[in-house]
Amino acid sequence: MIEGVSIQMILTFTTLLFFIGLYGFVTRTNLIGMLMSVELMLNSEAINFVAINMYLFPGKLEGGMFSLFILALAAAETALALAIILQVYKRTGSVDVKEVKELKY
Amino acid sequence: MSWEQLFSFMQNEILIVLAILILMMADIFTGKEKKHYIIHLANFLFVVVFLAGLNVLDKEGTLFGGSFKTYPLVAFFKSTLMAGVLLIMLQSVTWIKKELIPHGFVSEFYILMWSSLLGLFYMISSGDFLMFYLGLELSAMPVAGLAAFEFYRRRSSEAAIKMVMLAAVSSAIMLFGISLIYATSGSIYFDQIQMASEVPLLELVGFVMLLSGIAFKISLVPFHFWTADVYEGAPTVISNYLSVISKAAAVYILMILLFITLRRYEETWTVALYILAVLTMFVGNLFALRQQNMKRFLAFSSVAQAGFILLGVIGGNVLGIKTVIYFLLIYIFSNVAAFGVVHMIAMHSGKENIKDYEGLYRTNPRLSLLLMLALFSLAGIPPVAGFFGKFFLYSTAASKGFYILVFIAVVNVTISLYYYLLPVRAAFLRRSENPIPHFKSDIYSKIGFIILALGLILIGIYSPLYEYIARLSEIL
Amino acid sequence: MTDFGYTLWIPLLPLISFILLGLFNRFFKEPGAGYIGMLSLGISWLLSIYTAWQYFFVWGPAEGKYEPVIPFKMHWITFGENLSIDMGILIDPISVMMIVVVTTVSFLVHIYSRGYMHGDEGFARFYAYLSLFSFSMLSLVLSVNLFQIYIFWELVGVSSFLLIGYYFVKPSAIAAAKKAFIVTRFADFFFLVGILMIGYYAGTLDIETLNNLSFIEKIITENQGIVFMGLSVLTWALILIFIGGAGKSAMFPLHIWLPDAMEGPTPVSALIHAATMVVAGVFLVARLFPLYYHVGDGFALRVVGVVGAFSALFAAVIALTQEDIKRVLAYSTMSQIGYMMMALGVSGFEGHEGLGYMAGMFHLFTHAMFKALLFLAAGVIIHAVHSNLMKDMGGLHKYLPVTSWTFLIAALAISGIPPLAGFYSKDEILHAAFEYSTVMWFVGFFVAGLTAFYMFRLYFRIFHNKKTEYAHPPKEDSKFMTAPLIILAVLTFFVGWVFTPFSQYVTPTREVFHYEIHWTSPLVWGSILIGLAGIGAAYFFYFKPTEYPQKVASAFGAGYKWAKNKFYMDELYMFVTKRIIFDKISRPAAWFDRNIVDGFMDSIGNTTVWISEKIKLIQSGRMQEYAIYFVYGVVILILIFYYYNY
Amino acid sequence: MDILTLFVVVPVLTVVALIFTRNLQQARLTALTGFLIQTAMAFHLVWKYLAERKAGNNDIMLFTKDALWFPDWNIHYSIGVDGISVLMIMLTSLIVLAGIFVSWKVDDLPKEFFISLIMLASGVFGFFISLDLFTMFVFYEIAVIPMYLLIGIWGSGPREYAAMKLTLMLMGASALLLVAILGIYFHSSADGNYTFNILEIAQNAHIPVEVQKIFFPLAFIGFGTIGALFPFHTWSPDGHSSAPTAVSMLHAGVLMKLGGYGIFRVAMYLMPQGTQFWTDFFLILAVIGVVYGAYAAIQQTDLKYINAYSSVSHLGLVLFALLMLNKVAWNGAMLQSLSHGFITALFFALIGMIYGRTHTRDVRQMRGLLKIIPFIATAYVIAGLANLGLPGFSGFVAEMNIFMGGFLNNDLYRKILTVLAVSSIVVTAVYILRVVGMMLMGPPKEEHKNLPKVFWYERTAIYILIFFITLIGILPFWWLKIIEPGVENFLKPFI
């Protein structure tokens, strides 16, 4: 519980963060930028869980634990994604998302 | 929660972890020239895990305060998935020998695939959203790695990046939905969410986001776009795995969520599933119609199949569960067989296009026959198993009075029959100047193919199997 | 009571012969096949004669009335309680008369063909067909059931088809066979509908029941209310049945197949297209005469009479102008059948009023003899000259004496010169017509004159007229061919006065009455005179080559041209079939099927493929677009959920 | 094992035996042996059926056998026959037998050819013995699919297109059928104890009228498509013309009968009120099919197209008769099914023989075949005459029953339609004689002078078929005796 900050404000913030992440994902041309956007989205959810737990269901632990796992998985995901991006870079010579549209139709 | 309970309820998962560990150790101690022994070991280990899994089919109970549940149906389903993975593993031997051993890795493939399977197991056994989420991610990430396995091919990397990025976005969106559900219900346990009485708008939004996340995995339209690209780019074995195992598991958890946790919204999700089913069938079929690449073709076919599966889900009760699980079993056999043949041909001749299959029957009659059986099963033509599966799906939808949906589905079957007949036409009807030459599959593949062929013919006709599933499904 | 069970063998013997010759065609060589046919028909013929003798003379009329006998009858297909197709044998005066006619002519034709078809490679086949025809025709006339008539009606039709198309290598024969079959088939369509109507509205097809007066009374009252265009359904049914008969009997306007049917071998023309099959229509009307007479006040019967009279006139006029001898005879046949139809049409029912009926039947009987004779004679001539056209003939009297004399007898008979057969029957018809209406009589009278004229035109031009030089001197080289001529000539000579009055045998009610020719009556003299006048005119024009025919022809101008071209009936039919049925119905139907119906089915497929092609751009390969679609999906689902829950 | 199941088992065993054959000689002998047994069984069945009826057994279905298959859905493997199915089974055996003789010289993939052919036959047999809608549907589809391969691999002309079209149209139709079957199933009983068994459903008579009105047309069109119902017949001209001889025979001779049979057994029997509601409408389609098929046949130049359209016309008569809803017409419909089966099989067999010799099916390319191959040509004439309804052959008795049945209805509407249908006999004569005149008669062509004479196996096939055509034509009452009890039983819902 943070004084002077209501749950609505936090949720509005996280929602904004989520959509910024989403927007980033669809507009970035750089794969790493896109990955960062995804991280943004995941982080917004992590905050979400913590805040909801704290504000609405103070007696419980689930939300907090959930956000911990989200962080862990986000890290794993980033690692994997970066590895694959590296591979893409090796094959295409760039990390531009426009380069990865050979498979289509 | 005693140790005995832990070991018996979670036996499959624990054994898989053990198998993974054994394989890791073995990998360390085998030299570069002896890597192919790993293959035998891995197959042996998995057979052991599978057979051991048959022992715990009747266990029922919960672990970790309801996070992990097991009951006969899910145990059976896990065995089914393991059978599917085993069949895929049998097929992958050729690939491993040809593509992986030269690059020095073998066990990695098995480890990643088993990890993914482990994730799926946790996902379908989950009793809360946390376990569900963990399982989902655990199942998705290794596959993305597997998709990138043929790292020397550009397409493999492209498939992997598409998979990992889109999966990340999808799980992010789903997670946001889960957080909203958590916000309104105050719990992440499926059972407790079910209790809540009022339906706030926020929860609906959350629910839709959750649904879309699962839909992504099942590849329902419009969440399916990754499917074809990934299937085409990834190694065939991985496409095979994605198209059957991970999809089947996702369908299972979707049903559990819908039927137990979200029973309250039945009317609403019925409408949603209706629309998704129609869209999925049409889009999947219309895209599959003009594909030339067999893998891409099967990708869209499996999108369309997902639409048919929804026909059973929409039945929304025991009927739905049993028909869908029965169908999934058949679907696993059919699709694994189809992908298996495609894989085998690609391995031996490097050809993946329908046109290349011309005259196949005259050089490789048995493989062609298996391909035909598999495709007919996918299309739903008796006496092959697929017909029975599909028929029960239709019946389920019809039992709720969705005759128009059934009609749309059967119209789609007709469309799908057209494209399923295209490879058959190429293989049987046409002759070619330079057909794919005759080749011999290795023993593993042969065993796999024989099991598949028998399964395709017998699963449908042999009704006790269906009755067994039906009995297990009385969990609601 | 005499047992007529043996009559079953009358049709069966030819059937056996057909099966033998048909199935084992390859094993029978030339004379053998002929003798099998002759033998079976010979026995049939003897049996028929025996039957006639038994029926008319031994058994005789009981209290002035011949009772019908049904020695054999079985249900072939049962439709309902009374409604069924039966197979059986009905012995009554007209059927007995018919079997005598059929077996006699058929037997003689079988003998004659032994000579005529000598050396033909399809000899056995020819005899098989002849046997098939004889079987069908005999079964037809012995029918107990209207549907049985129809069945054998079709069978005689197909035998006629096979025999006309016997020389199947010849395009004209093929065309003629097809034409004959299709035209009669077209008429049979009406016949069948008529039968169906009778079956439904009368509830039975049994001939004896249908001809029962009280039954007729009953069905008339039952179906009184059902009227179309002022005529009751039963009348319509009878008219439709008559159309069937008209088709087979070549009445106007369904006559066009008959002249072309002369493409068949000449014995066939004699048997089928002169003596027996073509009179089936007459037989049919006679068979159902009580119905025709009573239903709808005999309206249908009046139609029969008018059509008959018109056809008689129409055909006679055309016959005047034809050059092909067989065609002249064909038109003459048509004209004579028109006569018979007219006779039936003008007939009354009870007692003396049944004169027309009796006369019609009598004419059928006598006509069979002399027309068969004419055709067989024509066959000899054609065999000898190898041509059908009169311009290739002339002066044949000295080459073919037997033929010439027998032909003359037949010609005299058909012209109505006493005491030959034709005179009696024709005179009775004219008498009946006169009693009915003067117009009818006049038509008949006029046609009698025309008949005499064209017959003797034929006779003189063949046997006298110019002296033609022949490459091979024509001769009568086969006894098998001349013997039947002589027999028939004898019959032609005698049957007329032997069987007069015919009313002892055949009457509408089967009750005999007595009828005598009033030699003093002007009608009798008139008909004799008009016959003589016709012969005289023909002598004047044709005995020697003269200029007169040319002049007269040009004097008639357009009329002559029309008659010579058969009043352009063929062209009209051609127009209807080729231009309307083929071009305007069938071709569009086929086009419609391929392009509209099938096109529609194909277009379903093509549209699917087209859509598939169009929507492929959605899957662009750009993963960001995929994410956008993902979000769209979520938004739309949320909207749906919102709509359904709030 | 009971005598009906053997009809499915023997073909399957034959197929298994065929898998081990090595060449054409072995394959055809195996197939022939299998089907000789099958034919013997068919006759034995007819004989046993007659004996059973004579012994006073008045059940709707005889030799019934019932085994629970999917208890959860109450799906049974339920079999039984009445006179109609017995005759259909006989027809099928004979036509397949004739078909095997006709395909004596399949040179390409002979083993596979016979396997597909016999698979197809086993589907048909299964369909005819089934009493359970589910089993029936399964067998129906089993019968449809081998068709694709048979036409596609061994066919001629645009075979791929034709095979695809045939398969898709028939499967599309079976889609409708499936919906109808499910509709019937879920309304089959009041207490939620749903059943697929035809007899039980009919006994329950529980399907509401409104429901019948919806599902009857689906079932009718579903079955009607394979029975060449206008306008869903267009697969048949292409399919028949591309199919190999034996397949055309079997398809036109037997498979298309599944349509009429199914309508009779399922659509009408289970949904009588629906039938009555829709009959006027479908009668029009049927009559259009009858007349229009005949007219369209006049214009065709390909022999197989002529017969395909002729089949549209003649099978239109079957549907027409069924819709007349009376005993006479239904007798006629059944006879017509049999008769058309034999006649059209004979036709296609002969066309195959002619094509095998002259390598053309265009009537304009041939002349005077009667001189060159008299046996085949004569048989063709006989087939033609039988087809145009000449007495003495089967077509006539069937058609007369149909026309009379049609006319025995009280309303004028049906009478007028009957008259229209009757008019097709004239048109039939036209197109048959056109072919006979153009192709068989006339002076023979120079290049055809030395065509091989008929072979013994061809002769056997022709004899088998002609024998039965005439047998039906001459002794209709014998056949009707077998058919009638079935017809009467199935007419009961309408009285």
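Predicted model: local features only at pLDDT ≥ 70, side-chain atom pairs only at ≥ 80, totals over all residues.
The request below names the part, and a single connected reply follows.

Analyst: Residues are numbered from 1 along each chain as its sequence is written, and chains are lettered from A and ligands numbered from 1 in the order in which they are written.

Strands here are DSSP runs of E with at least two residues, helices are runs of H or I with at least four, and both are numbered from the N terminus. On one side of E2(D) point Ile75(D), Tyr77(D), Ile79(D) and Val81(D), and on the other His76(D), Ser78(D) and Gly80(D), with all of them buried.

The partner of this strand is E1(D), residues 62-70, which runs antiparallel to E2(D) and is joined to it by six bridges; two strands count as paired if DSSP finds at least two bridges between them. One of these links is between Ala67(D) and Tyr77(D). Four residues lie between the two strands of this hairpin, where Asn74(D) takes a positive phi near 60°.

Elsewhere in chain D, Thr167(D) sits in helix H6, residues 159-185. Thr167(D) counts as buried because 24 C-beta neighbours lie inside 10 Å. Beyond the neighbours within four places in sequence, Thr167(D) is in contact with Val144(D), Met147(D) and Tyr148(D), and also with Leu417(B) and Leu421(B) of another chain; contact here requires C-beta atoms, placed from the backbone, within 7 Å of each other. From Thr167(D) to Phe216(D) there are 49 residues in sequence and 23 Å in space, C-alpha to C-alpha.

Chain D also touches chain C, where 34 residues of chain C are in contact with 39 residues of chain D. On the chain C side, strand E1 (69-78), helix H5 (146-164), helix H6 (171-202) and helix H24 (569-614) each supply at least two residues, and H6(C) gives the largest share, 13 residues. By class, that side holds 24 nonpolar, four polar and six charged residues, where Ala, Val, Leu, Ile, Met, Phe, Trp, Tyr, Cys and Pro are nonpolar, Asp, Glu, Lys and Arg are charged, and the others, Gly among them, are polar.

Within chain C, the axes of helix H17 (residues 401-415) and helix H19 (residues 438-463) come within 9 Å and cross at roughly 170°, the axes being lines fitted to C-alpha atoms over the stretch in contact, with angles from 0 to 180 degrees between N-to-C directions. H17(C) and H19(C) are therefore roughly antiparallel, since angles over 145 degrees count as such, under 35 as roughly parallel, 65 to 115 as roughly perpendicular and the rest as oblique. Their meeting residues include Phe407(C) and Leu408(C) in H17(C), and Met455(C) and Phe456(C) in H19(C); in total the contact has nine nonpolar, three polar and no charged residues.

Terms used: Buried ≥ 20, exposed ≤ 12 C-beta atoms within 10 Å, placed from the backbone. Contact = placed C-beta atoms within 7 Å.
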